[in-house]
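Look at the structure first, then read on.

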Amino acid sequence: MSRFLFVVPPLVGHINPAVGVVAQLAARGHQVAWAGMPEVVAPLAGDAAVVFRCAGPRPGEDGAVRPPELRGAGALKLLYEGFLAPLAEQMAPGVRAAAEEFRPDVIVADQQAVAGGLTAERLGIPWATSATTSAEFTGAFDGMPMVDAWIDGLMAELRSRIGDPAGTADPRFSPHLVLAFTTEELAGRPSRAGERIRYVGPSIAARPSAPAFPWDWLDPQRPAVLVSLGTANADAGARFLSECREAGRSRADRLQMVIADPAGSLGPRAVDDHDHDHDHDHDHDHDKDVLVLPHVPQLPLLERVGAVVCHAGHNTVCEALWHGVPLVVAPIRDDQPVVAGQVVDAGAGIRVRFGRATAPKLGEALDAVLHEPGYRAAAVRVGASFRAAGGAPAAAAHLEQLALKEEQ
């Protein structure tokens, strides 16, 4: 049996796909540990997870703060300069200590935890990349060659400080194996690292602690719509969520809406001040039509909804399509415009402009994805490709093969 060390950033969307792979490896008798922030990893991986502590900034702290209005190349540059590069330098000592204590046969490094790849290269340990988004090898930097070159330079600087100065591998793309949690049916053909990429589809696994949900609130006579901007965009979402809520209310005769609002930007009951001028029954009708919660059990809910409105975060998109659910996507920044383009190109959803989406426009988009059959058919087609790709068991099998290859 082999030993695998998973190196992850403090980002829920990057840890969740690895959770299923870790479970598969453990079930096959392998020993698995994590390198990251225990307070972020443990609630997702379970109390039994072995987590070696690594320091590092969390999103929203110090240089990781990005103004909601910052988009495009500026947001991408600040993501790397203000968060990912400092994260790599701060994680590196912990990753090295974990590797020296745990003695893994293979390191599995998240694409945004580049300390994992650099440390593996420095210690001569074979490593795989866990790519929780396909954007960087399918066109995230198309049209931005200067940004691409700048990031390459930043990676070289990090290597000189925490990696092997003689190394040559891009720490975002292992020379041994890149696990892509998508398929070409959605992502298209890769433009880089193609010979090393293994498309395994989403890693869908039960999560240790799902928040409670009032399941009897759902009306079987109306399709439900889930609205979520993920875990890293709460600072940017107030206006957009408000427009979504109005779109849901205006279509109360034909749909229900569940809004995930972790920042509480819609208020404790999702009732506008002017609603207090109305009678109790009117407020109660609103409560029956639009439900606002700080957190939702996303995977079980996706089995029950007819459409998803989201920021085109890779995990949310793939989890929706896994369940054959079409989307309305409103990308904000980073890889999201690329993923939104993938959804539209696949025919599985409609793109709206995050900063300018209005309740009428959102309502029209929802009407289309809910009632025009082509969108759902495309979502089902992509979902079928996901299931055929094998998910977490396929990813575990590729990692086993890498470990065996290195032993020979």
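## A pair of bridge partners

Phenylalanine 6 has tryptophan 34, in strand 2, as its bridge partner. Strands here are DSSP runs of E with at least two residues, helices are runs of H or I with at least four, and both are numbered from the N terminus.

This is a predicted model: local features need pLDDT of at least 70, side-chain atom pairs count only at pLDDT 80 or more, and totals for chains, interfaces and linings use all residues. Residues are numbered from 1 along each chain as its sequence is written, and side-chain values use heavy atoms, with hydrogens and water left out.

## Rings and burial

The chain has 4 aromatic pairs. Rings of Phe, Tyr and Trp (its six-membered ring) pair if their centres lie within 6.5 Å; planes under 30 degrees apart are stacked, over 60 edge-to-face, and the rest tilted. Phenylalanine 6 and tryptophan 34 form a tilted pair, because their ring centres are 5.7 Å apart and their planes stand at 45°. The pair links distant parts of the chain, with phenylalanine 6 in strand 1 and tryptophan 34 in strand 2, 28 residues apart.

Phenylalanine 6 is buried, at 2% relative accessible area. Tryptophan 34 is also buried, at 2%. Buried means under 20% relative accessible area, exposed over 50%, and partly exposed in between (1.4 Å probe, protein chains only).

## The sheet

Strand 1 (residues 3-7) and strand 2 (residues 31-36) run parallel and are joined by 5 bridges. Two strands pair if DSSP finds at least two bridges between them. The open sheet holds 7 strands in the order 3-2-1-4-5-6-7, with parallel pairing. Strand 3 (51-53) and strand 7 (197-199) each have a single partner strand, so one side of each lacks a neighbour in the sheet.

## Helix 1 and valine 21

Helix 1 contains valine 21. Is valine 21 buried or exposed? Valine 21 counts as buried, because its relative accessibility is 1%. Beyond its neighbours within four places in sequence, valine 21 contacts residues including Phe6, Phe181 and Leu399. Contact means heavy atoms within 4.5 Å. Serine 203 lies 182 residues from valine 21 in sequence, yet their C-alpha atoms are 7.0 Å apart.

## The whole chain

The chain has 14 helices and 13 strands. Of its 408 residues, 57% count as buried. Among contacts with a separation of 6 or more, 69% join residues 24 or more positions apart.
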